[in-house]
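Me: I'm new to looking at protein models. Could you take me through one, feature by feature?

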Amino acid sequence: MSDASTSSAPSGQDTYYQRHIFFCLNQREGGDACCAQHRAQAAFDRCKSQAKAQGLLGAGKVRVNKAGCLDRCAGGPIAVVYPEAVWYSYVDEADIDEIVSSHLRDGVVVQRLLTPPDVGR
C-alpha cells in the first residue's frame, strides 16, 4: 500500500468537490413533519439551476445532491453544506439564491439561515 492510503482525511483542496450541498427531500407517511411538505424538491431544483447558471457545478467546484432524511425535521426544510458542515433552514427561492451566491460561490456562511444546533427531529 502507498503512504497516501494511510494518510489523514484530505484537505478541502484535495477533495473532488470544493463544496457539497445536500437537500433533505424525505417524505414521511401519515402526515408527520418532513422536508417534502415544505417544497424541498423545488428548493433543490432552484439551487441546482442557480449553481449551474453561475458556473459553479463540476469537479473542483460544487455538487448539489438529494438526500433522504437528515434527522433534523423540526428545522425543516433542511440543507447541509460540506465540508464545513453548515446546516441551513430555508423558506423560499430568495434564501436558496443567497445560499448559492454567498456560501457556495463566495464561501461566506449565511448566518440568518443557520439551523439552531439543538434542533433535531
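Here is our talk about what can be read from this structure.

Reply: Happy to! Keep in mind from the start that this is a predicted model.

Me: What do strand 3 and strand 4 form, and how many residues are between them?

Reply: They make a hairpin, with three residues between them. A85 is in that turn, and its phi is positive, about 60°.

Me: Which way do the residues of strand 4 point, and are they buried or exposed?

Reply: Look at strand 4 (residues 86-89): V86 and Y88 point one way, W87 and S89 the other way. All four are buried, and buried means under 20% relative accessible area.

Me: What about peptide bonds: which residues does a cis peptide bond with omega of about 0° join?

Reply: The general idea is that most peptide bonds are trans. Here, the bond joining G76 and P77 is cis, with omega about 0°. P77 is in the loop between strand 2 and strand 3. There is also a cis bond from Y82 to P83, where omega is about 20°. P83 is part of the loop between strand 3 and strand 4.

Me: Now charges. How many salt bridges does a search of the whole structure find?

Reply: Side chains of opposite charge can pair when their charged atoms come close. Searching this whole structure turns up six salt bridges. One of them is between R19 and E84, at 2.7 Å from N to O.

Me: Where do R19 and E84 lie, and what does the pair tie together?

Reply: R19 is in strand 1 (residues 19-24), while E84 is in the loop between strand 3 and strand 4, so the pair ties together parts 65 residues apart in sequence. R19 is buried, with a relative accessible area of 10%, but E84 is partly exposed at 32%.

Me: With which residue does R46 form a salt bridge?

Reply: R46 forms one with D97, and their closest N and O atoms are 2.7 Å apart. This pair also links distant parts of the chain: R46 is in helix 1 and D97 in helix 2 (residues 93-105), 51 residues apart. Both partners are partly exposed, R46 at 22% and D97 at 23%. There's a network here too: salt bridges link R46, E93 and D97.

Me: And R112, which side chain does it meet?

Reply: R112 meets E98 in a salt bridge, 2.7 Å from N to O. R112 is in the segment after helix 2 and E98 is in helix 2, so this pair ties together parts 14 residues apart in sequence. R112 is exposed, at 54% relative accessible area, whereas E98 is partly exposed at 29%.

Me: Which residues form the positive surface patch?

Reply: A patch gathers like charges that have no salt bridge. In this model, K48, K52, R63 and K66 form a positive one. Helix 1 (40-53) and strand 2 (62-67) each give two or more residues to the patch; K66, for instance, is in strand 2.

Me: Last one: how far apart are C69 and C35?

Reply: You can count along the sequence or go through space. C69 and C35 are 34 residues apart in sequence, and 8.3 Å apart in space from C-alpha to C-alpha. C69 is in the loop between strand 2 and strand 3, and at 32% relative accessibility it counts as partly exposed.

Note on methods:
Residues numbered from 1 in each chain as written. Predicted model: local features only at pLDDT ≥ 70, side-chain atom pairs only at ≥ 80, totals over all residues. Heavy atoms only, no water. Buried < 20%, exposed > 50% of the residue type's maximum accessible area, 1.4 Å probe, protein only. Pairing = 2+ DSSP bridges. Patch = residues over 30% accessible without salt bridge, like charges linked within 9 Å, V, L, I, M, F, W, Y side chains within 5 Å. Areas by Shrake-Rupley, 256 points an atom, 1.4 Å probe, with all protein chains shown as cover. Salt bridge = Lys/Arg side-chain N within 4 Å of Asp/Glu carboxyl O. Lys, Arg positive; Asp, Glu negative; His and termini not counted. Charge placed at Lys NZ, Arg CZ, Asp CG, Glu CD.
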